[in-house]
Amino acid sequence: MLGKTAGGLYWMFRYLERSENTARLVEAGQRIALTRSSADDEWTSVLQTAAVLWGYNQKYRDVTKDNAIDWMLRDPANPSSVLSVVEAARNNARLVRTALTREVWESVNECWMVLKEALAKRVNERDLPQVLTIIRQRSAFVRGAMAGTMLRNDIYNFARIGTFIERADNTARILDVKYWVLLPSAQAVGSNLDNVQWETILRSVSAEGGFRLTYGQEARPREIAQFLILDKRMPRSLAFCAEKLADNLGYLAMDYGTRLPSHELSDALNDVTLDTSIETIFEGGLHEYIQDFLRATSALGAQMEVDYRFYV
Amino acid sequence: MAAEKPGKLSCMTQTFDEMWGRSFGQSQTQGPEGDGGQAQSQVMYEGLRPPYAEFDKWLKAENPARLQRKQLEAEEIFRLTGITFNVYGRAEAAERLIPFDIIPRIIAAREWQKLARGIEQRVRAINAFLHDIYHRQEIIRAGRLPVEMIARNAAFLPQMIGVSPPGGVYTHIVGVDLVRTGDDQFYVLEDNARTPSGVSYMLENRETMLQMFPELFSKNRVKPVSNYPKMLHRSLAACAPAATKGAPVVAVLTPGIYNSAYYEHSFLADKMGVELVEGHDLRVVDGRVAMRTTQGYQPIDVLYRRVDDDYLDPLNFKPESALGVPGIMDVYRAGGITIANAPGTGIADDKAIYSYMPDIVEFYTGEKAILQNVPTWRCSEADALAYVLDHLAELVVKEVHGSGGYGMLIGPTSSKKEIAAFRDKLCAQPGNYIAQPTLALSTVPILTKAGLAPRHVDLRPYVLVSPDGVTITPGGLTRVALKKGSLVVNSSQGGGTKDTWVLEE
């Protein structure tokens, strides 16, 4: 496979994953806005979680709900807006067209066409739920076409690695922005505000149902942290993503018959989520743990580019 | 001519329609045709032509509203598949669809056989000509082609002198543009011997028709086209260079995703199961051209390039080119890679050389050319120029090196002002132009909102050349001028396409 193709697949799936994650963050933000008063502060936190706050502040003076939503969903000046990343995903898909099945290509192309239309104008509050549903559905279609039609070979591995680097990064950033409401000291406070924050965290990773199924009705910070960081059954947890990254890199090593520096980094990343408990993580400092995880994920991404000759 | 008013009527009253076999309209003042029911009643039927018999039965039984829906459905299929071409110089909506018309163009087996013989003869002559012109130049020594046609021609590549491409093949892929003027009259308009495009449309048009109208293909026995990518791969692999080890590695070279034909490049690479590379994926390693894979550099044996000669190698041609591979020409000359089509083939489809094609065919095959050439005035010659300047309103004047329907004058449909402006350009550089009479191109019905209406078409069959022989895919790409009365079929100028059927005997 061409190095360029590997890079194109990796980025195509990072961008698709990002579009879905952004839609989920907007949804969680909107939920808070509707159920609590004076929730504009929450939009700052949402923008921060999506790592688009800096760009937003270049354009707008104040954080308002409408502007935040517009910036995250459709502003072309925001390279991580849903519209921008879907277009980037589709451009990458064109670049690697020969590596994709017709079904995957058509689902990405259609995703782009549908979202371009749905996001052609500022989204009305009235239409927001429907638009967010479309975004999530379209990326689910791509994933379905992918699972149902693609060979399980190096093409698939690069696509999966892109998906899980992006997802690990996203979950870790949610935890990074909200880590303070998960600290054991917060439990003592037990205020209404914290309950809302805990709910928001679960909502941002579509995990309310999964959490209830596992831990029951009461959301407690220790369990939320456990669930999002260490639970391997939870497909957006750090442990799950780290394991998938190690698996897919392992298949590449088998396929190509070479272990590269990326494998060391991915094993190390996997190790920090194995053989540890949430207590140990709290003792060492939740914030530091998340920060380390974010750095390790980004280093792995950079090493992949080199090892598999994405650009040179 | 003098008694008639100049204009499109005077040159199109005799238009041959491939379905109905007669000219549309005789002397209506509103033009040679009109859309809709009124126009249909003015038409004088000469009789349905046999290849269309089954189709006509089907058409008569069809609900017109369903057909209109099917036309929309076809557009939707193309949109989802992403069969687009990029339009240069437009930021918004830079990707566009080439309009597709659902009424097929049907060619009888007997008609096709004759065409195919003519095409094969012509393509063999072109390859012999290219070999000769870059080696002993017998045709010039024999006085059949003036030496200036080569010596002062930008399409002639001195870098190719004395180079013999692997397998002796220069034009691995040729698209011969043909037009029809009557029951048994075909003319070659152009020999596309560099990098003919459009074959993906030929294939997708057929796929779309099969999906939308399966019943039509049960009633008509249509020769299949779908094995073109397989034949292309086989044909390219058969031309692998001596340096090849094992099964030849084939790749398609594209200028990138912003090129107007990118869809086609990725389509062909995909269907052949080979890599689609850009210049920056390639470099010369140990005397071979190699592509950067996830596991290091891997040599390529045959490169189907969709990049022009000038951009192929910044060391040997345009130094500023970022699309090519530095040093690829040196590898090529040393027999380390096959480039398809060979560099320098442009001399064979040069519009000035075109006028010599009947001689060229005769010189190399010893036979009279089966396909006709359109009479051509070479404006570089004083007598010809004088004639052309006197008859601009009747002629088509083309740039020798132009393509895509740009920079040409179609006298009968141009205003006095346009003709005057063109006259100045022509006088300034007469050597840049050739002129031809306006042919009464045949028409084929298209489906308009108001029903069937005739439109002018051409035909581009795709020809593969390898040491094993010449393969012609039955049919080819029919391009149709969607504007009423227009003769310009180029997709960049609002042309559309149709599925083209060659019937089994």
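I started with chain B, where residues 24 or more positions apart account for 68% of the contacts with a separation of 6 or more; two residues are in contact if their C-beta atoms, placed from the backbone, lie within 7 Å. I am reading a predicted model, where local features need pLDDT of at least 70, side-chain atom pairs count only at pLDDT 80 or more, and totals for chains, interfaces and linings use all residues. Residues are numbered from 1 along each chain as its sequence is written, while chains are lettered from A and ligands numbered from 1 in the order in which they are written.

Next I looked up the make-up of chain B, and found 17 helices and 23 strands. Helices (H or I, at least four residues) and strands (E, at least two) are DSSP runs, numbered from the N terminus. Of the 505 residues in chain B, 44% are buried, that is, with 20 or more other C-beta atoms, placed from the backbone, within 10 Å of their own.

Then I turned to one sheet. In chain B, three strands form an open sheet in the order β8-β9-β10, with antiparallel pairing; strands pair if DSSP finds at least two bridges between them. Because β8 (282–285) and β10 (296–299) of chain B are at the edges with a single partner strand each, one side of each has no neighbour in the sheet. I saw four bridges between β9 (residues 288–293) and β10 of chain B, and Met291(B) has Gln298(B) as its bridge partner.

Last, I checked the chain contacts: 16 residues of chain B touch 18 residues of chain A. On the chain B side, α4 (64–81), α11 (262–272), β7 (275–277) and β9 give two or more residues.

Notes
Buried ≥ 20, exposed ≤ 12 C-beta atoms within 10 Å, placed from the backbone.
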